[in-house]
Amino acid sequence: MTRVSFPADFLWGAATAAYQIEGSPLADGAGPSIWQRFSHDPRLMAAKGDTGDVACDHYNRMESDVALMKALGLKAYRFSVAWGRVLPQGTGRVNAAGLAFYERLVDTLIAHDIEPLCTLFHWDMPAALDDRGGWLNPDSAEWFADYARVMFQALDGRVKKWVTLNEPWVVTDGGYLHGALAPGHRNMFEAPIASHNLMRAHGRAVQVYREVGAHQIGLVVNIEPKYPATDSAADAAATARADAYMNRQYLDPAMLGTYPDELREIFGEAWPEWPTDDMALIRQRLDFVGINYYTRNVVTADASWPLNAGPVRQDATYTETGWEVYPQGLTDLLVWFKDRYGDLPLYITENGAAFYDPPQAEDGAVHDPLRVSYLKKHFAAVSDAIAQGVDVRGYMLWSLFDNLEWSLGYSKRFGMVHVNFATQERTPKDSAKLYSQVIATNGAVL
Ligand SMILES: CO[C@H](O)c1c[n+]2c([nH]1)[C@H](O)[C@@H](O)[C@H](O)[C@H]2CO
């Protein structure tokens with residue numbers, strides 16, 4: 001590992017998402033999202049009773065939360081917009097009060113010299129659009145384009161880095177194939193359709209941005225590098241299937257205008273023949289790509305697992321969400337991206353870990369040594385990739401706050417700032433104190 005170093009203007013920040021932190025999901029005329037429905041349905045929600053009704057109460061605490069971001073020294077803050085706050089029915093009438101919250105958030109960030117990075121879609125589709133088929137409806141691309149236009153026209157200039165979608169793979173795999181996430185479908189024929197329409201929506205939003213925007217726009221994908229358990233041909237094929245399904249299924253169309261060949265084998269009769277025009281729509285020039293990295297997967301051929309590709313547990317530290325701590329995977333995937341797709345600017349738009357933290361701070365402190373260790377190793381991994389010529393421009397720690405970890409509820413704490421959900425008290429953990437030093441010294445403290 002070479003000495004840790006970062007470019008002088010490296011953008012150090014933190015990330016959150018609307019439904020995970022805001023609370024007040026129906027306030028001021030907002031329309032419900034599919035996550036409002038899903039989290040209130042005990043048949044669907046794994047952590048029954050955990051909803052986004054309050055979360056971190058950020059909707060009511062925004063100003064003090066931004067002041068806390070400033071105190072931590074953040075240079076940037078990646079947030080998402082709840083589509084249904086701005087367009088309660090998903091299309092049509094704009095809810096001025098809902099849009100005003102995001103204008104206040106952006107203005108407050110700028111007043112504190114914190115750059116806003118805005119994600120348009122972080123999983124919380126308006127329920128009214130789900131009633132019209134959601135991402136299964138081909139009209140969803142235009143619904144999203146219209147919503148994006150509203151946001152661009154309201155905030156572009158104050159927001160200079162836009163993200164269309166957060167992790168289309170998770171939306172598709174979790175929401176349409178395995179049912180663990182909203183809207184909770186379990187249908188192999190639906191998954192490719194939802195996935196393709198998500199990517200069409202991404203393409204349309206970028207086209208709209210090129211009409212009305214003046215700054216930068218990108219896509220955020222989760223990448224989980226896949227490593228064969230052995231050098232056998234069967235494990236190599238299983239690894240290629242897993243990589244195609246999770247990683248290349250989204251970057252190849254966005255960057256190359258093609259789907260990986262393995263997808264036809266994986267989905268079989270459930271894989272449609274896509275119109276060529278769609279592939280041209282999806283492949284839009286991007287100003288950056290955001291990479292969400294948490295862990296890797298070691299793969300072996302195993303017919304008892306989807307894709308005939310099963311995970312092989314390693315002799316390593318694992319997080320509360322069952323993810324191996326493997327910082328080398330971040331370096332490897334960044335070099336892989338550059339080699340496969342070229343020298344596009346990249347941001348680490350999410351990286352972090354859930355380890356056990358107590359529900360309450362003790363003596364005003366929360367000691368999280370495992371997270372401190374995780375973060376130090378992953379900062380170094382980013383530095384190693386930069387040293388190998390990868391154009392990484394910034395890092396957004398996941399997450400600023402402990403928050404609603406989707407269907408897992410509040411039990412999985414990813415925050416560098418502890419939240420006591422009984423009192424809403426915020427307490428910077430030791431990891432936040434480390435991060436402040438890393439930001440202040442641009443990594444020299446590592
Ligand atoms: C498969 O893991 C993904 O990379 C991933 C991990 N995470 C995510 N995506 C989401 O973008 C966040 O909303 C989650 O809270 C966060 C932690 O689970």
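## The ligand and its polar partners

A polar side-chain atom of N166 lies 3.0 Å from an oxygen atom of the ligand, where a polar contact is a pair of N or O atoms within 3.5 Å. The model is predicted, with local features needing pLDDT of at least 70 and side-chain atom pairs pLDDT 80 or more, while totals for chains, interfaces and linings use all residues. Residues are numbered from 1 along each chain as its sequence is written, and side-chain values use heavy atoms, without hydrogens or water.

The side chain of Q20 also has an N or O atom 2.7 Å from an oxygen atom of the ligand, and for the side chain of H122 the corresponding distance to a ligand oxygen is 2.9 Å. Taken on its own, the ligand has 420 Å² of accessible area (Shrake-Rupley method, 1.4 Å probe), and the protein covers 91% of this area.

## The shell around the ligand

The ligand is surrounded by 14 residues (a heavy atom within 4 Å), and the closest are Q20, E167, E350, E405 and W406. By residue class, this shell is made up of six nonpolar, five polar and three charged residues, with Gly counted among the polar ones.

Helix α7, which spans residues 140–155, packs with helix α9, residues 190–212, at an angle of about 35° and with the two axes 8 Å apart. Helices here are DSSP runs of H or I with at least four residues, and strands are runs of E with at least two; axes are lines fitted to C-alpha atoms, and angles run from 0 to 180 degrees. The crossing of α7 and α9 is right-handed.

Residues of α7 in this contact (heavy atoms within 4.5 Å) include F144, A148, R149 and F152, and they meet a group in α9 that includes R200, A201, A205 and Y209. Across the contact of α7 with α9 there are 10 nonpolar, four polar and five charged residues.

Most residues other than glycine have a negative phi, and most peptide bonds are trans. D28, which is not a glycine, has a positive phi of about 55°, and D28 sits in the loop between α1 (18–21) and α2 (34–39).

The peptide bond from A182 to P183 is cis, with omega near 10°, and P183 belongs to the loop between α8 (168–177) and α9. Another cis peptide bond runs from W398 to S399, with omega near 5°, and S399 is placed in the loop between β11 (392–398) and β12 (417–420).

Definitions and conventions. Left-handed = near helix turned anticlockwise from the far one by under 90°. Polar contact = N/O pair within 3.5 Å; in protein donor to acceptor, adjacent residues only side chain to side chain.
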